[in-house]
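Have the sequence and the 3D view ready.

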Amino acid sequence: QVQLVESGGGLVQAGGSLTLSCAASGTIFRIDTMGWYRQAPGKQRELVATVTTSDITNYADSVKGRFTISRDNAKNTVLLQMNSLKSEDTAVYSCYAYAAPGRWYRKQDYWGQGTQVTVSS
């Protein structure tokens with residue numbers, strides 16, 4: 001199976017920056033889209049940004065111009081550079097991958113455990 005491990009969360013003041021990192025490991029045949037989602041207390045999980053193997057990116061309107069997603073296909077990693085952070089960015093950020101664990105397996109969604117990002121105003 002595919003495991004996703006995030007790192008880089010923490011506490012930051014409004015206007016500051018953080019970089020989240022996610023590494024995929026385990027039995028991996030192919031990873032297509034990778035990305036980040038977040039869930040704030042009392043709210044539903046929402047998309048933050050995704051990136052395909054061809055580096056086609058998609059961002060939530062709320063983070064466009066402030067966040068940058070990138071990936072290293074050779075290392076199966078994805079980064080989320082977050083700048084100009086706001087208090088409303090406070091949430092648990094989870095890494096996501098659409099991947100197949102083996103040649104004869106169908107691709108499916110995989111999630112990391114999540115990392116807390118807290119932005120103080």
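For sorting residues, Ala, Val, Leu, Ile, Met, Phe, Trp, Tyr, Cys and Pro count as nonpolar, Asp, Glu, Lys and Arg as charged, and the others, Gly among them, as polar. This is a predicted model, where local features need pLDDT of at least 70, side-chain atom pairs count only at pLDDT 80 or more, and totals for chains, interfaces and linings use all residues. Residues are numbered from 1 along each chain as its sequence is written, and side-chain values use heavy atoms, with hydrogens and water left out.

**The pocket**

The lining of the largest pocket splits into seven charged, four polar and two nonpolar residues. Those 13 lining residues include Arg38, Lys43, Glu46, Glu88 and Asp89, which lie nearest the centre of the pocket. The space inside is about 170 Å³. (On a 1 Å grid over the protein atoms alone, a pocket is an open set of points where a 1.4 Å probe fits, with protein on both sides within 12 Å along at least five of seven lines; lining residues have an atom within 4 Å of a point. The volume is the space filled by probe spheres set on the points, which are joined across faces, edges and corners.)

**Aromatic rings**

How many aromatic pairs does a search of the whole structure find? It turns up three. (Rings of Phe, Tyr and Trp, the last by its six-membered ring, pair if their centres lie within 6.5 Å; planes under 30 degrees apart count as stacked, over 60 as edge-to-face and the rest as tilted.) Here are two of the pairs:

| Pair | Type | Centre to centre | Between planes |
|---|---|---|---|
| Tyrosine 37 and tryptophan 111 | edge-to-face | 5.1 Å | 75° |
| Tyrosine 96 and tryptophan 111 | tilted | 5.0 Å | 50° |

Tyrosine 37 sits in strand 4 (residues 30-39) and tryptophan 111 in strand 10 (residues 108-111), so to speak distant parts of the chain, 74 residues apart. Tyrosine 96, in strand 9 (residues 91-100), is 15 residues from tryptophan 111. (Strands are DSSP runs of E, at least two residues, numbered from the N terminus.) Together, Tyr37, Tyr96 and Trp111 make one aromatic cluster.

(Buried means under 20% relative accessible area, exposed over 50%, and partly exposed in between, with a 1.4 Å probe and protein chains only.)

**The core**

The largest nonpolar core holds 31 residues, and Trp36, Leu80, Met82 and Tyr93 touch the most other members. Strand 9 gives the largest share, five residues. (Such a core is a set of buried Ala, Val, Leu, Ile, Met, Phe, Trp, Tyr and Cys residues joined through side-chain atoms within 4.5 Å.) Methionine 82 lies in strand 8 and is buried, at 0% relative accessibility.

Most residues other than glycine have a negative phi. Asparagine 76, though, has a positive phi of about 55°, in the loop between strand 7 and strand 8. Serine 84 has one of about 50°, in the loop between strand 8 and strand 9.

Definitions and conventions
Helix = DSSP H or I, 4+ residues; strand = E, 2+ residues; numbered from the N terminus.
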